[in-house]
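Reader: Hello! Could you walk me through some contacts between charged side chains here?
Author: Gladly; ask away once you have had a look.

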Amino acid sequence: MSNTYSVPLAELVSEFNLDFFHKSSDFEKIRVTVDDISRPGLHLAGFFDHFEPMRVYVCGTVETAYLLKLSSEDRRIIFDNFLSYKIPALIFARGFEAMPECLEMAEKHDVTVLSSKDTTSSLVSSLITYLKIALAPRVTRHGVLVEIYGEGILINGDSGIGKSETAIELVKRGHRLIADDAVEIKKVSSRELNGAAPEVLRHYIEIRGIGVINVAKLFGMGAVKDNTSIDLIINMVPWRDGEAYDRLGMETHYEEILDVKVPSITIPITPGRNLAVIFEVAAMNNRQKRMGYNAAVEFTEQMSRFFETRER
């Protein structure tokens, strides 16, 4: 899956403690743009149908054993053909040594060859997981993101309605701030969104009348978190007389972000409402619903049974 985002190959080398067998002349410019990792397999046997030259390739036990059974000349021909496609990098897992013929052709075609001590399956799965998050589709939304009892809550509302003040009250009650004002949202799977703060705004929050404060410095590192899943959206709106607000919570509403449906509720704001407590209850209630319990449904069924009994 290709997209408009990319990860520098140098970042992968640093993140996964990879060692160099050969460093290409353009190494610092190479960027990985797909989140799939491949094993060379049939490509080493000369079958290049459906070959993906944008992927990083990993050689494990099977590929290495196959290559070592061949003659030096055959290995030279194989690597000459394989590395001519100018893949981002070839990684030898399990601490296997790159063959001299591989390094010869890597130099000829200017391809980076790396080494990892990790097992092949562990390295491949870790790389895929890392790349899926790093290359995930994303969007930036105005709002505040907090984590309450392990639930990621995205708070939306008009400017000045009290999103940041509510977030600070939640932080004082032991919960954690992820982002204020701007939230970077990534689609990390078909059903999961992950939110974080832009690097320049991380750990900062603006309180009108006070200014910008650093939550990590003021409340400690336990009061912040770099990212969290987005499990519930709370829309803060001014109270309007005559407006019909949900009293029972029987119907679950959703908002779509990056084609992922996220449960959402609307909280009307009036002076004197303890919003921090309300948000805590909303987070716990959302977790209960995800675990299969819905208090509104139980209450409605209980009321129906009560009136049925009375009618008898």
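Reader: What makes K225 count as buried, partly exposed or exposed?
Author: Its relative accessible area is 26%. Buried means under 20% relative accessible area, exposed over 50%, and partly exposed in between (1.4 Å probe, protein chains only), so K225 is partly exposed. A word on the background: this is a predicted model, where local features need pLDDT of at least 70, side-chain atom pairs count only at pLDDT 80 or more, and totals for chains, interfaces and linings use all residues. Residues are numbered from 1 along each chain as its sequence is written, and side-chain values use heavy atoms, leaving out hydrogens and water.

Reader: Why is the contact of K225 and E147 called a salt bridge?
Author: The term asks for a side-chain nitrogen of Lys or Arg within 4 Å of a carboxyl oxygen of Asp or Glu. Between K225 and E147 the N to O distance is 2.6 Å, so the pair qualifies.

Reader: How do you know whether E147 is buried or exposed?
Author: E147 has 8% relative accessibility, so this residue counts as buried.

Reader: How many salt bridges does the structure hold?
Author: The structure holds 15.
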